[in-house]
Amino acid sequence: MCPRNCYDSCPMLAYTSHGRIDHISGDNLTPGAYRQLCSKSNQILSTVYHKDRLLYPMIQHGRGTGNWQRISWDTAIEIIARKILDLKERFGSTLPLCLNKYSGNFSLLRNACEGMFNSLGPTTQTIGTPCFSSGLDAQKLDFGGNITSQTQTLVNAKLIVLWGVNPAWTAIHTMPALYAARECGAKIVVIDPVRTETANKADYYIQLRPGSDTALALLLLCRLHKRHALVTESDKITGLAEFLKGLSKIDQSKLLAAVDQSEEAIDFLTGLIAAHHPMHIWAGFGLQRHLQGGLAIRLIDALSMLTGNIGIAGGGVNFADRDAFQLPRFIEQRRNDTRFVNINQFSHTLQTLTDPPVRLLWIACRDLLTQDVGLQELHALWPNLELIVTADKFLTTTAQMSDIVLPVTTEFEDLDIYTGYFQQWLGINERAIPPQGETKSDLEIARLLTRRLNELSPGTSTFPAHLTDEEFLDRELPESLCQTIGIKNWRQLRKGAIKVRKNPVAWEGQHFATSDGKFHCCPIPAKLAEFLPSEETPFYFITPHAQQNINGQIHARRKELPEYPIVYLHPEPAKRLGLSESCQVILWNQHGQLTGTVRFDKTLPPDVILSYQGSSKHGTVNALNGGRVSDLGSLSTGAPGVALYDVLVNIRKK
Ligand code: SF4
């Protein structure tokens, strides 16, 4: 399966000859649209054979000096093992050992990183996700879980609302289903602060003020209530009377001002929703990356439920699908005394950990020094770390600031299981080619370290290093679990990926997974969080996904990227500030600054600056992010989410 942390999780095939992959393609056995991979997939193969790929372990003499020396795996493991034992003895604890890992690869056996750390005793580890935790919690509270309706059900929709999502770039395999729905008479509305490619293809487009999704959802509910278009009685809903009472007390003029839309636009959208049934809403991740992002999703859920659109073909609110089945996660060797640190507050929290402090940092599946928020703090505490180990495929920004880099295998060089988070795919990646150079999987690294630690100090690690890859998968996907998803055992996945959810309609029959089996209305907020430009920071800073890469997965095409991020803004404010096309600028706020190159975009509102994630060789949009905590997330992921998109900046010529 495509490993790219993407909505679509496409099943794919690799064709080999003489020990090399010639090309990759979609899998002809999967339904129509998925038979072709998107253009981003071109980079997957070039990653495998890229000349800059890390192929052997290295040690850096002087962090950040670039004075790298190739070392053997034995030497690398020896240095790490001895440092682990040294810290354990000096501090009388394994808490100074810290793992920071995220989503560069969502495969199951990569969780050997967690397993290896947990086998040592209580360690410090990151928890939570910067991606979608507020929205996950929102739907857990409302419906009891996270389920999406399958895209083929869209042909039944009469109205499709793409709210803060740009599938023409980020989920291209959904586009045929959207076109098919339109052929069958559906109207498509895009709500987004950015006039995206999807917006250009839609029937209607609402350019929303950034971060005002909560206000818009609330306003639509108020207007629909006034039109008697919301249910007022239902034995499937908890908290309905109070919710409706709350709606009737809201000052709608404030909401209208917050969304910055005309009365006509709101009336028109209200009318569309009232007149079209079923209505499907696809709520993107961006709209819950705000201070009240969880609330925004909860109100959108209520908008759908109270207009009778949940549990029917063509209806529903698609956000994420994570509840089809639960893996035992045997490989993680979970324990209840881990010292967890919110991944979104990593640098803030690390500063406060003194009893004992973190002294060894292991980074896997992410480029921490570009992806973290609070980068200034992170750089400040870097010298306190006695050993920094990065396991990666490339010499990323983080790897360049590490002591040891461990080269890891790609998805084509290991056996592993992959699951999607939206399209309900479950698939297996078999080893298509041998590991390139001296690369090793995270699982193999865990085995090597476990063995050496136990040689040096017997009993240090309890990680089951004797198990083969297949034996780990036997434990993760026992036959009893496989039967619940329609296969006899995981080996059957060798014939092709499967959809783990059989019912294409989410919450069909309105049978919910909440404690009372009903939909739960959220409390109506007394006040909405205000996040408005000021004199010091007069621009919203929006940082959506780029068309050709996902987050920081840029290394295979790094050379073709500009030195600094392209910064898009409307020509009118640019002219006022004396900024010309292609001029170099500094963006700044209280969290940091970023160099960029100006490009004009007349489709942007005059108070918005946009830059795509991972779109340059140098600089990261996260340098301007304070990483404020969002309203929900702990229930699903163990830590609240982050208001990644509540960022205001100023701009000047460099
Ligand atoms: S759409 Fe996503 S999952 Fe499919 S090939 Fe492209 S990047 Fe991979």
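**Entry 1: helix 2 and its end**

I began at the residue just after helix 2, where G92 takes a positive phi of about 60 degrees. I note that I am reading a predicted model.

I then looked up the length of helix 2, which covers residues 73-91, and found that its 19 residues should span 27 Å at 1.5 Å a residue, which agrees with the 27 Å between its end C-alpha atoms.

Which residues of helix 2 are buried? I listed W73, A76, I77, I80, A81, K83, I84, L85 and L87. I reminded myself that an α-helix has 3.6 residues a turn, so residues three or four places apart point the same way. What do the buried residues of helix 2 pack against? I found strand 5 (97-101), strand 14 (360-364), strand 15 (387-392) and strand 16 (404-407), together with helix 17 (442-456).

**Entry 2: domains**

I looked up the division of the protein, and it gives domain 1 as 56-130 + 344-493, domain 2 as 134-322 + 505-520, and domain 3 as 539-653. Taken over C-alpha atoms, the centres of domain 1 and domain 3 are separated by 29 Å. To their contact, domain 1 gives 20 residues and domain 3 gives 21 residues.

I wrote down that about 1,400 Å² is buried between domain 1 and domain 3, with 55% of this area given by carbon and sulfur atoms. How many salt bridges does the rule find across this interface of domain 1 and domain 3? I found zero salt bridges there, whereas seven residue pairs are in polar contact across the interface. On the side of domain 1 that touches domain 3, the elements that give two or more residues are helix 14 (368-371) and helix 15 (375-381), and the largest share, three residues, comes from helix 14.

**Entry 3: cis peptide bonds**

I found a cis peptide bond joining H277 and P278, with omega of about 0 degrees, and I placed P278 in the loop between helix 11 (263-275) and strand 11 (279-283). Another cis peptide bond joins D355 and P356, with omega of about -5 degrees, and P356 is found in the loop between helix 13 (346-352) and strand 14.

I looked up S9, which is not a glycine but has a positive phi of about 45 degrees, and which lies in the segment before strand 1 (12-17). Is S9 buried or exposed? S9 is buried, because its relative accessible area of 6% is under 20%.

I also looked up S582, where phi is positive and near 75 degrees, in the loop between helix 20 (571-576) and strand 23 (584-589). S582 is exposed, because its relative accessible area of 51% is over 50%.

Methods
Residues numbered from 1 in each chain as written. Predicted model: local features only at pLDDT ≥ 70, side-chain atom pairs only at ≥ 80, totals over all residues. Heavy atoms only, no water. Helix = DSSP H or I, 4+ residues; strand = E, 2+ residues; numbered from the N terminus. Expected span 1.5 Å × (residues − 1). Buried < 20%, exposed > 50% of the residue type's maximum accessible area, 1.4 Å probe, protein only. Contact = heavy atoms within 4.5 Å. Domains from an automatic or database assignment. Buried area = accessible area lost by both parts, 1.4 Å probe. Salt bridge = Lys/Arg side-chain N within 4 Å of Asp/Glu carboxyl O. Polar contact = N/O pair within 3.5 Å; in protein donor to acceptor, adjacent residues only side chain to side chain.
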